[in-house]
Amino acid sequence: MSPQRLPVRPSPRPGEPLTAYAARLADANGLTRSRVLLPWRQDIDVPSAEVSAIATLGGLDPVATSRLTMNRYPLVIRGHGPQRRHGWRLHHSVRWVCPSCTPTTGRTDLLWQTALMPVCLRCRCYLVDASSAPLVAVPAHPRVLELAQVLADLAESSIADHTRRNRLYRLRRRCQRLAATIDANHPVRDADLPDMNVTAARQWGAYPCPDPATVATLIVLSGRRLVPQKRTQPVHLQRRQAAEFTETDRDRLAWFLTRLGRNVVQDDLRPEHVPTLLPMPEGENGRGPGAWLSLTRAAAALHLLISRAADQDATPASAMVALGVPDIPSCALIDGIHTGSGLREQDSDLLFGALEVLLADGLVDYQRRRDTLRVVTRLPRDAIRRLPPTFTDDPAFGQLALAWIWTRFTHGPMRSSPWPTLPDRDVAAFDRRIDPETRLVLHETGQQLLAEADLTSIPATATTGAGITRRFG
């Protein structure tokens with residue numbers, strides 16, 4: 001009997017192996033994991049019939065499902081023969097996990113089954129053996145992170161490029177020779193690299209060394225030519241980060257990402273829940289017309305953190321574009337998060353307080369509100385009829401009323417609105433000038449505009465905007 005499509009079909013995460021996806025698919029539908037994939041299967045040499053069965057159960061494309069296995073990688077990565085020896089792939093009994101995100105979200109990566117990836121690029125810490133206890137997150141050296149990203153790109157490009165395969169083969173041979181000769185007195189250029197476990201290094205033979213920290217040091221010592229010695233960051237950025245961030249700040253950033261990972265899983269927190277102006281805890285005054293820049297930068301930082309906690313690719317530029325402020329300059333807070341340098345205590349308190357406010361308010365989809373209200377160019381006619389003539393006769397009233405609705409429902413400055421040149425102080429003065437009845441009418445109008453988009457039951461895109469434009473001009 002051919003398998004039938006299951007009712008709950010989660011999408012594969014970036015880099016997720018087939019065994020992890022099969023476990024998530026089974027758990028989501030209340031099945032035992034053996035009903036989806038045999039428990040002794042590894043993420044390599046999976047029969048095509050079983051791959052096709054999982055594709056059918058999860059409603060996936062068979063080609064996309066096969067990319068969850070290591071079969072697509074060349075022999076230099078996945079190893080030779082039935083036992084998969086003499087490659088970058090670890091022994092099947094060795095399992096590397098991230099001590100930061102794996103215990104909380106269950107996240108794993110296909111390349112973690114190889115010695116090419118001894119770090120978690122998302123949490124920026126060293127991987128650990130799953131059998132070790134306790135699982136302690138140790139921040140990875142920036143050069144290890146840089147080299148790991150290069151190796152990940154090499155692994156992907158080696159599928160079709162024979163030259164890249166030779167580079168990975170030569171690097172593995174150099175690591176193997178160094179592991180056989182290195183001792184505890186070997187000079188390491190950077191004291192921040194992990195300590196060498198000579199006993200684990202000597203185990204590099206048919207399979208790589210089982211200790212990820214030792215592998216990280218070996219590939220840095222053997223792969224200096226893969227990454228230029230000169231850092232790609234500007235000199236002024238290096239100096240600013242060195243002056244402003246400490247080791248404690250780096251640990252604080254790792255803790256904050258772990259906290260956000262729990263909210264992503266438990267509360268369905270998403271980057272779309274961040275407004276353009278970071279919300280302030282009750283009792284704090286910081287949302288005056290001139291405070292929009294610092295609060296918007298903090299909102300971009302929180303947007304970037306939540307994106308990383310949700311396994312989404314994000315940059316400071318993409319976060320600012322999503323918030324509607326693509327041209328604002330960056331700051332030390334955003335740069336520290338983007339480069340993994342750290343998170344200062346006062347910034348952590350600000351972001352944590354804003355996160356508590358967002359959770360208490362029920363996680364409003366501000367991205368949908370921005371997309372919905374951005375296409376509205378004038379007030380609905382029924383709203384104009386309910387307003388006093390003293391306001392509607394003013395030529396600037398219509399724009400100020402829509403700007404008032406924008407600031408109230410998107411919690412964003414005018415810089416993020418369809419009227420970026422309209423000063424925020426003009427909207428604040430308009431708010432002080434209108435009476436409570438007019439304020440109520442405008443508030444109900446904003447709710448009506450958002451309800452129109454919600455009733456369409458489709459995402460707030462250009463299609464939704466066209467429908468609103470036809471009705472409200």
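# Terms and cut-offs in a predicted model

User: What covers the buried residues of H1?

Analyst: The cover of the buried residues of H1 includes H2 and H3. A contact is a pair of heavy atoms within 4.5 Å. The structure is a predicted model, in which local features need pLDDT of at least 70 and side-chain atom pairs count only at pLDDT 80 or more, while totals for chains, interfaces and linings use all residues. Residues are numbered from 1 along each chain as its sequence is written, and side-chain values use heavy atoms, with hydrogens and water left out.

User: Which residues of H1 are buried?

Analyst: Leu18, Ala20, Tyr21, Ala22, Ala23, Leu25 and Ala26 are buried in H1. Buried stands for under 20% relative accessible area, exposed for over 50%, and partly exposed for values in between, with a 1.4 Å probe and protein chains only. Just after H1, Gly30 has a positive phi of about 70 degrees.

User: What makes the buried residues of H2 line one face of the helix?

Analyst: The buried residues of H2 (residues 48–58) are Glu50, Val51, Ile54, Ala55, Leu57 and Gly58. Viewed down the axis of H2, they fall within an arc of 165 degrees, so they line one face. The arc is taken over the directions from the helix axis to the C-beta atoms. Ser48 and Ala49, on the other side of H2, are exposed. Helix H1 (18–28) and helix H3 (62–66) are among the elements that cover the buried residues of H2.

User: What makes H6 roughly perpendicular to H9?

Analyst: The axes of helix H6 (residues 142–157) and helix H9 (residues 212–222) come within 10 Å and cross at roughly 80 degrees, which makes H6 roughly perpendicular to H9. Axes are lines fitted to C-alpha atoms, for helices over the stretch in contact, with angles from 0 to 180 degrees between N-to-C directions. Arg143, Val144, Leu147 and Leu151 of H6 meet Ala216, Ile219 and Val220 of H9. The contact of H6 with H9 holds six nonpolar, no polar and one charged residue.

User: Why is Ser307 called buried?

Analyst: Ser307 has 3% relative accessibility, so Ser307 counts as buried. Ser307 lies in helix H12 (residues 292–309). Leaving out residues up to four places away in sequence, Ser307 touches Pro271, Gln312 and Ala314.

User: Why is the sulfur of Cys98 too far for a bond?

Analyst: A disulfide is a pair of cysteine sulfur atoms within 2.5 Å. The closest cysteine sulfur to that of Cys98 belongs to Cys101 at 3.5 Å, so the distance is too far for a bond. The count by this rule is zero disulfides. Cys98 is buried at 0% relative accessibility, and Cys331 is buried with a relative accessible area of 14%.

Note on methods. Helices (H or I, at least four residues) and strands (E, at least two) are DSSP runs, numbered from the N terminus. Angles under 35 degrees count as roughly parallel, over 145 as roughly antiparallel, 65 to 115 as roughly perpendicular and the rest as oblique. Ala, Val, Leu, Ile, Met, Phe, Trp, Tyr, Cys and Pro count as nonpolar, Asp, Glu, Lys and Arg as charged, and the others, Gly among them, as polar.
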